[in-house]
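Subject: Structure for your review

Dear colleague,

Please find below the structure that I am handing over to you. My notes on what was found in it follow directly after.

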Amino acid sequence: MTMSAEKLEHEHEGILAPLTAQLARRVADERAGQVQARDPDFVRRMVPPTKRYVRYFSPEIRGIENLPASGPVLLVGNHSCLFYMPDTWAVSLAVTARRGADAPAYAMVHDVLFGFPVVGSVLRRLGGLPASDCEADRALAEGAVVLVYPGGDAEACRPWSERNRIEFGGRKGFVRLALRSGVPVVPVVTHGSHDAVVVLARGDRLARLLGLDRLRVKVFPIVLGPFGVTTLLAPPLPMPSAMTIEFMAPIDWSAHGPDSAEDKRVVEACYEEITTAMQLTLDCLHSEQPHPVLRGCFNLLRGLPSEAIPSS
């Protein structure tokens, strides 16, 4: 290998190469090792602290009756608010309240989180699954609810100016999953949670410089905090932005048949159908509640009604 080639390889690895390499090994071990099962008792124990956390964002849950009370369902949501993820926790509470802690329910989680000690184990016990088609297929075949956020970290870290957009980035794996399995698809749209942190930029270049692409992490957001511009190395606390979550009516793509998962035209049409419907819902929620941070602050001052938080 020439000196220039060695230099290019070193630069590609990034500044955090030792850390990313270690995390990559942990993620690989997690995938290859024995899978820890979801623990319903642990889920029940985690409901009260999760409610206390989510209460800060004064959640309002709408349309939970659109989630079938039993049977396999693919929940498709828009992702917001960096790693604070109040939308994920609030949706999980609503699903648990609707179906009970004993019913199988899972959420597809970015692989990198399973590379951290303790975090991976906790996520598994709560029903977290590394992003993998085979794990999602297996869960749906068992009659579970599976929650996916197709936009991933790119959507969760989108700039604040794009907070009211559905941004799946053309990722259509969830459509193929739904077509293969023939299960109902329930879109779940969250408004307000991405107002909680002012993201200035995704930090794509910074992520590459740090070598995070080795972990399939494409972003390292630059955010505005109370003391100026910062990054995830010193993230600001989120503002108490009021969050509205709407479970939309189920979409049935089963008439296309499982083979249509390989038909690009069908996949594209289904993708356009769901993203358009979700964007219309998000637009309506924004029009109805244009100032979620102010509403959230007011809710905290007067005390959030307990009915706004799902009860199991």
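In this predicted model, the largest nonpolar core has 33 residues, of which Leu74, Val76, Phe174 and Trp253 touch the most other members. At least two residues of this core come from each of strand 2 (73–77), strand 3 (105–109), helix 6 (133–141), strand 5 (145–148), helix 8 (173–181), strand 6 (185–191) and helix 10 (264–288). Helix 10 makes the greatest contribution to this core, namely eight residues.

Leu74 deserves a separate note. Setting aside residues up to four places away in sequence, Leu74 touches Leu140, Val146, Val148, Phe174, Leu177, Ala178, Val183, Pro184, Val185 and Val186. Apart from the core described above lies another one, of 30 residues, which includes Leu75, Tyr149, Ala196 and Val197.

I would also draw your attention to Ala261, located in the loop between strand 10 (244–247) and helix 10. Ala261 counts as buried because its relative accessible area is 2%, under the 20% cut-off. Beyond its neighbours within four places in sequence, Ala261 is in contact with Arg176, Leu179, Arg180 and Val267. Between Ala261 and Leu177 there are 84 residues of separation in sequence, while their C-alpha atoms are 7.4 Å apart in space.

Finally, strand 8 (residues 222–225) and strand 9 (residues 228–231) run antiparallel and are joined by four bridges. The hairpin that connects strand 8 to strand 9 passes through two residues. Within this pair, Ile222 stands opposite Thr231 of strand 9.

Yours sincerely

Notes: Residues are numbered from 1 along each chain as its sequence is written. This is a predicted model: local features need pLDDT of at least 70, side-chain atom pairs count only at pLDDT 80 or more; totals for chains, interfaces and linings use all residues. Side-chain values use heavy atoms; hydrogens and water are left out. Two strands pair if DSSP finds at least two bridges between them. A nonpolar core is a set of buried Ala, Val, Leu, Ile, Met, Phe, Trp, Tyr and Cys residues joined through side-chain atoms within 4.5 Å. Buried means under 20% relative accessible area, exposed over 50%, partly exposed in between (1.4 Å probe, protein chains only). Contact means heavy atoms within 4.5 Å.
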